[in-house]
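Visitor: I have a structure open and would like to talk it through. Can you take my questions as they come?

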Amino acid sequence: MTMFSRNDKTPEPAPAAKPVASATPINTVPPASQSAPAPMEPRRVSAAPAAHGTPSVSVISKALKITGQLESTEDIHIEGEVDGDIRGVGVKIGHNARVKGTVYGEEVEVAGTVVGKVEARKVVIASTGHMSGDVVHQDIRIDSGAYIDGHCRPEYGKPDGKAHAIQKPATPTAATNYSSAKPAEPARSIA
Amino acid sequence: MPLSRIGSGLTVTGSLETDGELHVHGKVQGSLCADRLVLAMDGEVEGDIVAREARICGRVNGRVFALNVTVDSTADIKGRIFHHTVEVARGARVDARMPWRPLNFFETLEQIPETQP
């Protein structure tokens, strides 16, 4: 950590300029700071710093390293390093990002490196993506140039990923049990 | 330096470390380490904050180690604030000790010291 190195004493606008800034509480995001997230509807209105037009997503920039779990009800954009599981709605793993762990989401885009697993309804592995591990999906796109070392299984949303094994239930009771457990696919369990 | 943002819907359990700026609108359970940290009004931190410059508008339960600390009127802090300069706005709820530390305390802050609760 180099943040407290000697050059701390170079003139810092911090203490003197603070009182002026304190009139505007949270809007300290510089306007040009966010190049990454695509235009996205602000999911919350309340405390969103909408004044500077920043979409209310989470951005893990390339200098940030997180060790631990991320859980979000919003979109997450990762450009840095995450060592742990990620749960979000839309998760975008940027070009230089490194993720070690499982990524859960509705839509997951991998343009960086993932070591672990991806579980999402819609998965995009971009051409710069490097995926070491399994992908559980419903809908997948793999761009030319992407690296995948793992299985791609279209089992997202199916219980426990064992859908293939239970396709032919042995007894009718098992069939009814199973179809009640997952009403999305009654036809398959009967067949 | 790039800016990182923990959105209001995001909960991080673990530690965050950056050389740049970090804005926290969500919840963090664990330690935060940044050059400049802004804890927004809706942000919550349960754990330690280490920064060169910290601006706190949200809730903190833990220790703050920062050269320059600004406590906004919406802040709710419980714990300790180790600082070199501090500013506390009227209206802030501070249930914390605020020990002053010399500059070299922060320069040598490689790992967070143990303190009495």
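This is a predicted model: local features need pLDDT of at least 70, side-chain atom pairs count only at pLDDT 80 or more; totals for chains, interfaces and linings use all residues.

Visitor: What are the confidence scores, for chain B and for the model?

Guide: Chain B averages a pLDDT of 92, and 93% of its residues score at least 70. The model has an ipTM of 0.88 and a pTM of 0.70.

Visitor: How many helices and strands are there in chain B?

Guide: Chain B has 10 strands and one helix. Read from the N terminus, the order is β-β-β-β-β-β-β-β-β-β-α. The radius of gyration of chain B is 13 Å, close to the 13 Å from the globule rule for 117 residues, so chain B is as compact as a globular protein of that length.

Visitor: What box do the C-alpha atoms of chain B fill?

Guide: Along the principal axes, the box is roughly 35 × 30 × 25 Å.

Visitor: And what share of chain B counts as buried?

Guide: The figure is 54% of the 117 residues.

Visitor: What about contacts in chain B between residues 24 or more positions apart?

Guide: Such pairs make up 6% of the contacts in chain B with a separation of 6 or more.

Visitor: Which residues touch the most other members of the largest nonpolar core?

Guide: That core has 64 residues, and the ones touching the most other members are A:Val118, B:Leu32, B:Leu37, B:Leu39, B:Ile49 and B:Val64. Strand E8 of chain B, residues 59–71, gives the most to this core, with seven residues.

Visitor: Pick B:Leu32. What does B:Leu32 touch?

Guide: Leaving out residues up to four places away in sequence, B:Leu32 touches B:Leu16, B:Leu22, B:Leu37, B:Val45, B:Ile49 and B:Val50. One of these, B:Leu16, is also the bridge partner of B:Leu32, which sits in E5(B).

Visitor: Which way do E2(B) and E5(B) pair, parallel or antiparallel?

Guide: Strand E2(B) and strand E5(B), residues 32–39, pair in the parallel sense over two bridges. E2(B) also runs parallel to strand E4 of chain B, residues 27–29, with three bridges between them. There, B:Thr11 stands opposite B:Lys27 in E4(B).

Visitor: Which strand of chain A is joined to E2 of chain B?

Guide: Strand E2 of chain A, residues 64–72, is joined by nine bridges to strand E2 of chain B, residues 10–18, and the two run antiparallel. In that pairing A:Ile66 has B:Leu16 as its bridge partner. Where is A:Gly105?

Guide: A:Gly105 is in strand E7 of chain A, residues 98–110.

Visitor: Why does A:Gly105 count as buried?

Guide: A:Gly105 counts as buried because 22 C-beta neighbours lie inside 10 Å, and the cut-off for buried is 20 or more.

Visitor: What does A:Gly105 touch?

Guide: Not counting residues up to four places away in sequence, A:Gly105 touches A:Arg87, A:Gly88, A:Val89, A:Gly90, A:Val91 and A:Ala120. A:Gly105 and A:Lys122 are 17 residues apart in sequence, and their C-alpha atoms are 8.4 Å apart in space.

Visitor: Which strands pair with E7(A), and how many bridges are there?

Guide: Strand E4 of chain A, residues 81–83, runs parallel to E7(A) with three bridges, and A:Asp83 is partnered with A:Lys100. Strand E5 of chain A, residues 86–87, is parallel to E7(A) as well, with two bridges; here A:Arg87 has A:Tyr104 as its partner. Strand E6 of chain A, residues 90–93, pairs with E7(A) in the parallel sense over four bridges, including the one between A:Ile93 and A:Val110.

Visitor: How many bridges join E7(A) to E8(A)?

Guide: There are 12 bridges between E7(A) and strand E8 of chain A, residues 113–125, and these strands run parallel. In this pairing A:Glu107 stands opposite A:Lys122 in E8(A).

Visitor: Last one: where is B:Phe105, and is that residue buried or partly exposed?

Guide: B:Phe105 lies in helix H1 of chain B, residues 103–107. B:Phe105 is partly exposed, because 17 other C-beta atoms lie within 10 Å. The C-alpha atoms of B:Phe105 and B:His84 are separated by 9.1 Å, and the two residues are 21 apart along the chain.

Definitions and conventions: Residues are numbered from 1 along each chain as its sequence is written. Chains are lettered from A and ligands numbered from 1 in the order in which they are written. A nonpolar core is a set of buried Ala, Val, Leu, Ile, Met, Phe, Trp, Tyr and Cys residues joined through C-beta atoms within 7 Å. A residue is buried if 20 or more other C-beta atoms lie within 10 Å of its own, exposed if 12 or fewer, and partly exposed in between; C-beta atoms are placed from the backbone. Two residues are in contact if their C-beta atoms, placed from the backbone, lie within 7 Å. The radius of gyration is taken over C-alpha atoms; the globule rule is 2.2 Å times the number of residues to the power 0.38. Two strands pair if DSSP finds at least two bridges between them. pLDDT is the predictor's confidence in each residue, from 0 to 100.
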